[in-house]
Amino acid sequence: MTASQTDNLKRPRMARSMAAILGERTIELIIRICGVSAIVFVFGIFLFVLREGAPLIGKLDWTKVLFSQEWYPTSKGNVRYGVGALIVGTLSVTGLAMLFAVPFGIGAAVFVSEFSTGKVKETLKIVIEMLAAIPSIVWGFIGLSVMNRLIQQYLPAPVGLNLLNGAILLALMSVPIIVSIGEDALKAVPDSYREAAMAMGATRWQTVYRVLFPAARNGLLAAALLGVGRAIGETMAVLMATGHAVNIPKSIFDPIRTLTATIAAELGETAVGSDHYRMLFLIGVLLFSITFVVNLLADLAVRGVRKQ
Amino acid sequence: MSASPFTVTPLVRRNMRRELVARIVLGAMVAAMVLPLLAIIAYLVAKGAPLISFKFLTTNPTHGMREGGIWSALLGTIYLVVIALAVSAPIGVLCAVYLNEYAKDNWLTRMINLAVVNLAGVPSIVHALFGLGAFVLFAGIGRSILAASLTLAIMTLPVIIASTKEALAAVPMSFREACWNVGASRWQTIWSIVLPNSLSGILTGVILQVSRTAGETAPIMFTGAVFFKKIQPGTLFAYSLTDQCMALSMHLYTVTTQVTNAPEPLPYAIALVLLGAVLAVNAASIVVRSLLRSRKKW
Amino acid sequence: MVNNQPKISVENLRLSYGHREVLHGLSFSVAPKEILGVIGPAQSGKTSLLRCLNRTIDFVSNAFVSGSITIDGEDVLRTSDVHTLRRKVGMVSPLPVGLPLSIYDNVAFAPRCGGIKNKDELDARVERCLRQAALWDEVKDRLHTLGTKLSGGQQQRLTIARALSHDPEILCLDEFSIAIDPVTTMRIEDVLKELKSHMTILLVTNLVQQARRLADRTMFLWNGEIVELDRTEAIFSNQPRDKRTYDYIHGLFG
């Protein structure tokens, strides 16, 4: 050991160069800035969208705007900005889509998480990822070209571009997110629960139904809510597939128009700074607020899961 | 008491029957998702594939977009995606590093996490409004590739943050502690141990965003994409940052809704190219993931 | 104790996680080149104590420390350069941690972080540390294979080699034998006996007999308090000053 002790004296003490330390400080500062950037962007989005729409807020009769169905933004004599029908349009297409997507999504999540293993499970997950990857414009095109014809041919509908068409597309688009979040929620339930249930002689389905559903309740709720959020915000598919008529639907075969589609269709034709232009930004604020609340609820539900 | 403890009672039989029914119903639900996917792909291939050729991909559209190829749209999409991710990937990764490696459990961290969740939920058309209001008008960039890419960048940011965070969290805590114990600073630990060992996950997340970004339409409609733009063929540098551009997604929208008398297979071919590109990128990310996972070091 | 200046001196050290206090005012000192054994049941605060010594307690977000720790007269809790401090205090964790790097890089990691870039210097250091940890002969032909692929016992010696790589003056071992077989344990104990000639060692152990074999003095920590700190022979005699010590050592509780 004497050898290594003399070694000890010859060895230089460790010290990092000033440049290295300074470099590290700089990168940590950048990391911190990037860290808070998410907050900046969320506020930025809200503020910039509000900023463009704000001058119009005082000029509108808001009960009329929110509840009237009369959306005539380009009328020569009597401009009316009633978004009631648009809200109903958004809600009806989202609601109908969820009627398909939630049971199918959660059912598929259960199948992937509890009834399949190994290769089957891996394959299904990949397929679901693929489904999630299909761009909304492609869905819209499918709605316009394929579903349109199918609906006209096989269902008693006068037009193929309608509420049902949009809802089916939205359902297919939001199912992947419901499946993946739902599967996470089921995966989060400890295996000991499953084993305990099986040990008492429960079948797989009984385990799912009586043990996993109650235990993963919040996560599944979050999955459904995120699906809703996705559906409300969807633009191109509903723009192309729902028929684009300002209308309160009386049946699922009626054409409708959503908040998102209205912005997408009309923003290009408005002059910057005009009332119509500002109104579209205000619709944006409304959309932002709706999805904000939905996502907040989903987040709370997920957090409920973690606390358990 | 029955003679054998393993006799099948009516109750057990009923349970087994229910189990079978549940399995079939759930399987059918999965099939209801998988089959449309396959049907869509098959249909697009059948309708669009005959039109697709190397020439189709590399020539510009002509005759009011009714003839020619899709080169300008394809190149525009590449520009948008590359620039958007060049902006959002570093910011997103560093934000995730902050959240996973630096952030203490306090109100600021909770705010950031909440912001990320909500940013992910902002509708794409609202991103478009933001891009128009902030980049095009307020910052004075004008409708351009740059403005559209920045809009896309912010849209992809939360997903990159989320996937990176997950990848970072998969690196065991004990590695970090071992590094701290020998006097490595936080950043040295992150740079030499945490990042190299979460790279596969981070890359997968970023690659997945390539496919999402390529397919987006709404955010670029009012910030930089145009129906038609003539560009110089045969060069990859035909667009500049301040140019407006065509994009595949926008081109599909234009051809299906604005162009009258377009040849029938044309939109199918465009959709097929877009879908093919997106799915190919997706498949690539899956390959990267499994490749790097098999080389796992612990 | 030859030198009357203690290497480590701890005064009234208190540590709490949130509102739960886990160390209730510890005071003790460690002489240079001494092996201090620390025994005590689980949850008695042994690991927390070590984390205070090298300030990795900073990474626990709700931890609050008060009191004072001085190493060579320097205030540990208020030092501005924690990295130099941590290089002075080598730490070996209970479970072996091979970093996902090559064996060579595992040992060269700390010197590199400390700013040493010279290849020869690194080579020499890696060899010396691996020899000191009694691992050199087993791995000298495959220094560039992954450290994580070694066996548990080898990984633990790799961990020790890594802890030695930054020339610590104090070596803290936290229940190092928990995940390795008795033969390897004995080899490492021999290593420690040799290291003792030029460093101060804090040996936290779940095996009371290990403390008896190695330690000059032994501290019995229980529920965040020092029950007794005395020469090892005294602790393991039939009449330690506190009856609880006797009971613990003889397996009557804990």
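Predicted model: local features only at pLDDT ≥ 70, side-chain atom pairs only at ≥ 80, totals over all residues.

Visitor: What is the mean pLDDT of chain C?

Guide: On the scale of pLDDT, the predictor's confidence in each residue from 0 to 100, chain C has a mean of 88, and 98% of its residues reach 70 or more. The model scores ipTM 0.89 and pTM 0.88.

Visitor: Why are H9(A) and H1(B) called roughly perpendicular?

Guide: Helices (H or I, at least four residues) and strands (E, at least two) are DSSP runs, numbered from the N terminus. Axes are lines fitted to C-alpha atoms, for helices over the stretch in contact, with angles from 0 to 180 degrees between N-to-C directions. The axes of H9 (residues 204-215) of chain A and H1(B) come within 8 Å and cross at roughly 80 degrees. Angles under 35 degrees count as roughly parallel, over 145 as roughly antiparallel, 65 to 115 as roughly perpendicular and the rest as oblique. H9(A) and H1(B) are therefore roughly perpendicular to each other.

Visitor: Which residues of H9(A) and H1(B) meet?

Guide: Arg204(A), Trp205(A) and Gln206(A) meet Asn15(B), Arg18(B), Glu19(B) and Ala22(B); contact requires C-beta atoms, placed from the backbone, within 7 Å.

Visitor: How many residues of chain B are in contact with chain A?

Guide: In chain B, 71 residues are in contact with 69 residues of chain A. Helix H1 (residues 10-48) of chain B supplies the largest share of that side, 17 residues. By class, the side of chain B has 53 nonpolar, 14 polar and 4 charged residues.

Visitor: What makes E6 and E10 of chain C edge strands?

Guide: Two strands pair if DSSP finds at least two bridges between them. The open sheet of 6 strands in chain C has the order E6-E7-E8-E3-E9-E10, with mixed pairing. Strands E6 (89-92) and E10 (225-231) of chain C each have a single partner strand, so one side of each is left without a neighbour in the sheet.

Visitor: How do you know that E3 and E8 of chain C pair?

Guide: E3 (residues 35-39) and E8 (residues 200-204) of chain C are joined in the parallel sense over 4 bridges, and the requirement is at least two. One bridge partner in E8(C) is Ile201(C), facing Ile35(C).

Note on methods. Residues numbered from 1 in each chain as written. Chains lettered and ligands numbered in written order. Contact = placed C-beta atoms within 7 Å. Nonpolar A, V, L, I, M, F, W, Y, C, P; charged D, E, K, R; others polar.
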